[in-house]
Amino acid sequence: MTSRTIKGCCPLDCQDSCSWVAQVENGRVVRMAGAPDHPITRGVLCAKVRDYETRLDAPDRLLHPLLRTGPKGSGLFQRISWDEALSRIAERYSAIIAHHGAEALLPVNFAGSLGVVQRRALMRLFHALGASRFHGSICGQSGNALAAEGHALGFDPEEVADSHLVLLWGTNLLTTAPHSWHFIKAARERHGARVICIDPRRTRTAAASDEHLSIRPGSDAVLAAGLAHVALQEGLADLDYAKAAASDFDAFCEQVAPWTPERVSQLCGIGPNTVVRLARELTEARPAVIRAGIAPQQTQDGETFVRLLSALAILGGHPTRRGGGLMIETGPDFHEARAARPDLMPSPTRSFDMARLGETLTNDALSPPIKGLMIWGTNPVVTQPDTGRVRQGLNREDLFTVVIEHVPTDTMAFADIVLPSTMQLEHFDVQGAWGHHYISVNHPAVTPRGEAKSHGEILRLLARRMGLTEPALQESDEAIAAAALPERVELEALKERGWIKCSPLRSMLSPRVSLRTSGGVPLPAAAPSPGHLQLLTPKGHFFLNTTFADMRRHQQSAGRPTLEMSREDAALRGLGDGSMVEVRNDRGSVYAHLTVVDGMHHGVVALPGKWWNMAMAGPRSAVNDLTVPAWSPAGQPAYNETFVEILWSCPHQTGHGAG
Ligand SMILES: Nc1nc2c(c(=O)[nH]1)N[C@H]1C(S)=C(S)[C@@H](COP(=O)(O)OP(=O)(O)OC[C@H]3O[C@@H](n4cnc5c(=O)[nH]c(N)nc54)[C@H](O)[C@@H]3O)O[C@H]1N2
Ligand SMILES: Nc1nc2c(c(=O)[nH]1)N[C@H]1C(S)=C(S)[C@@H](COP(=O)(O)OP(=O)(O)OC[C@H]3O[C@@H](n4cnc5c(=O)[nH]c(N)nc54)[C@H](O)[C@@H]3O)O[C@H]1N2
Ligand code: SF4
Ligand SMILES: [Mo]
């Protein structure tokens, strides 16, 4: 028996970017463990990934290229060879370019794999062809916009151990970035730091905190304005620092002046005394970290939310101390664009907001219209807002769609050609992170299952088939990965060591940022009628967005699609634990089992986990069938501004395939 251990890293869209060790015996991965000496991972993989090797041989794993044989969306395909798949793609893309120009092609990608080869390599092909591009994000786009203005949205999370107060603002860290808890625990032990969690739901993170403030969703900007009001009125703010850091400090003070604790309390559902106490704790801590999640950005006022949290961090002078400041996301010095090679574009091409795919694909006014797509690392039929319109677009007979995937997804069902992609245990890759400062390497542990190929290999094959001679389109996966490394990191050293900490250089001259919000302090979205409840769609503990929702073990761990409701709202409707309910609004309906929970803000329901339709034998449960087509000015989908009615539903009406 041969046995060896291989160093790799988790490619999923999670802030922890863990390093792992795969134990391989006789060509099979028999065990996975977190790298024991990695400062973030510390030997432990999460509840989703601890048996990641089982995904290699999942019963639904895509092993061969496929050609669609049934209507779009039906999921009917036949196996074809790579040779045929490449020829068909090359022919169709070439014909589209000949008739409509290269801008009729559009790549669509998100963060399904954070590996730079899996994520960016194929962009070289589209850039070289002169295809349309995409920008924006379905994740934290409000934060991205504020970071672009110069706001500091993160720092080395290991410094959190030196924080004296941890304010968790709309984040469920024990589910979504569980390893970050090491540093919160250390802050408690070293400095007696208090941990306060502001969340409409009593999550496992809220339960593990010292205090849970159950806030009305979307009223965070109001609360932040109230905290600033108290800090300024009581003379607690670090005025010297705030005046130096802000370009419009006086205007900001004027803006928050009307937000008295009493007024804030009426909108947020948090008592006025608590608002005052929180303001004092937050500004007096030396320092405090405001650790915010992505979910509270998911409103039409996402940018205002982030701006006000940045203002609170500045008012307390927190960024001047180790362990203090606003923390939403942070990453190592790593240059993904260099791997994507936008310089290969023959001339600047048009770009579409990736968070509005439905709109782009159904827009008759586009010239040229989008005629050819390639989708990888994202499952837009489940994760985009306005999924009805996404499906309508993907249903177009004149649209040629290639999907590269691991397993059949709701999106893959609309493909003309499907290409099987390697999983992280089967390919070489390198990645940055969005929650810490390590660059990680991933060595392949086993050879690819079936005929799966890495995206670097797909790039090289397709470029050759299309007759493209640009040398960058033939570079090896290692060369593509190396392009993203900063000058101070050698690929060979990274391959050897597994990870290298590479904090971004702190700019000595941070720009003065604007704290005043345009359009005032936004009020929370209101229900369209009294019976409606606000629907939150938080992350599931056992899924990574839509990934793993097809896996039996993960489904069993997650239970079933579940709607969380407060005791008060359930009693009002005569609903009890376990009732099958229809969650509906004028956009559609999904089904879930009700669970009555404590600590949930009244008027709010939550359906955790991105369940999808194809992976499930039962009724529809994909939440974005319900979410509103609304975006913030920067393009953040306002998933949270969705209101629904809840109806008791007879089991026989919702059996297999109903809805
Ligand atoms: N297990 C697991 N981990 C994940 C993911 C996953 O799917 N599963 N996804 C990854 C990704 S892509 C991301 S972006 C991150 C997201 O990480 P988080 O932002 O931490 O995740 P969410 O569960 O979306 O939201 C966190 C909390 O915000 C609360 N919330 C919702 N609306 C509001 C509001 O208006 N105000 C306040 N104060 N709180 C609100 C929700 O109740 C929820 O408990 O997690 C990553 N990690
Ligand atoms: N209602 C609602 N909608 C949301 C959210 C929400 O909280 N509520 N969250 C939003 C957020 S924060 C995010 S980040 C997005 C996530 O949206 P997506 O990125 O679309 O979701 P994922 O499930 O992460 O999709 C990853 C897909 O990539 C595939 N994949 C993974 N690795 C590879 C690979 O190596 N090669 C290929 N070819 N495919 C791979 C997986 O199999 C999976 O199908 O969803 C957004 N949508
Ligand atoms: S999903 Fe996150 S916590 Fe789990 S192994 Fe991957 S990086 Fe670590
Ligand atoms: Mo995300």
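## Strands around strand 25

In this predicted model, Leu533 has Val644 of strand 25 as its bridge partner. Strand 20 (residues 533-536) and strand 25 (residues 642-648) are paired antiparallel through three bridges; two strands pair if DSSP finds at least two bridges between them. Strands are DSSP runs (E, at least two residues) and helices are DSSP runs (H or I, at least four residues), both numbered from the N terminus.

Strand 25 is also joined to strand 22 (residues 580-585), by four antiparallel bridges. Here Val581 lies opposite Trp648 of strand 25.

## Helix 3 and helix 18

Helix 3 (residues 116-129) packs against helix 18 (residues 455-465) at about 15°, and their axes are 8 Å apart. Axes are lines fitted to C-alpha atoms, for helices over the stretch in contact, and angles run from 0 to 180 degrees between N-to-C directions. The two helices are therefore roughly parallel (angles under 35 degrees).

Contact (heavy atoms within 4.5 Å) involves Val117, Gln118, Ala121, Leu122, Arg124 and Leu125 of helix 3, and His455, Gly456, Ile458, Leu459, Leu462 and Ala463 of helix 18.

## Annotated domain

The unreviewed UniProt entry lists residues 3-60 as "domain: 4Fe-4S Mo/W bis-MGD-type"; such annotations may be inferred rather than shown by experiment. Over residues 3-60 the chain is 7% helix and 36% strand, with end C-alpha atoms 28 Å apart.

## Conventions

Residues are numbered from 1 along each chain as its sequence is written, and chains are lettered from A and ligands numbered from 1 in the order in which they are written. Local features need pLDDT of at least 70, side-chain atom pairs count only at pLDDT 80 or more, and totals for chains, interfaces and linings use all residues, while side-chain values use heavy atoms, with hydrogens and water left out.

Key. Parallel < 35°, antiparallel > 145°, perpendicular 65-115°, else oblique.
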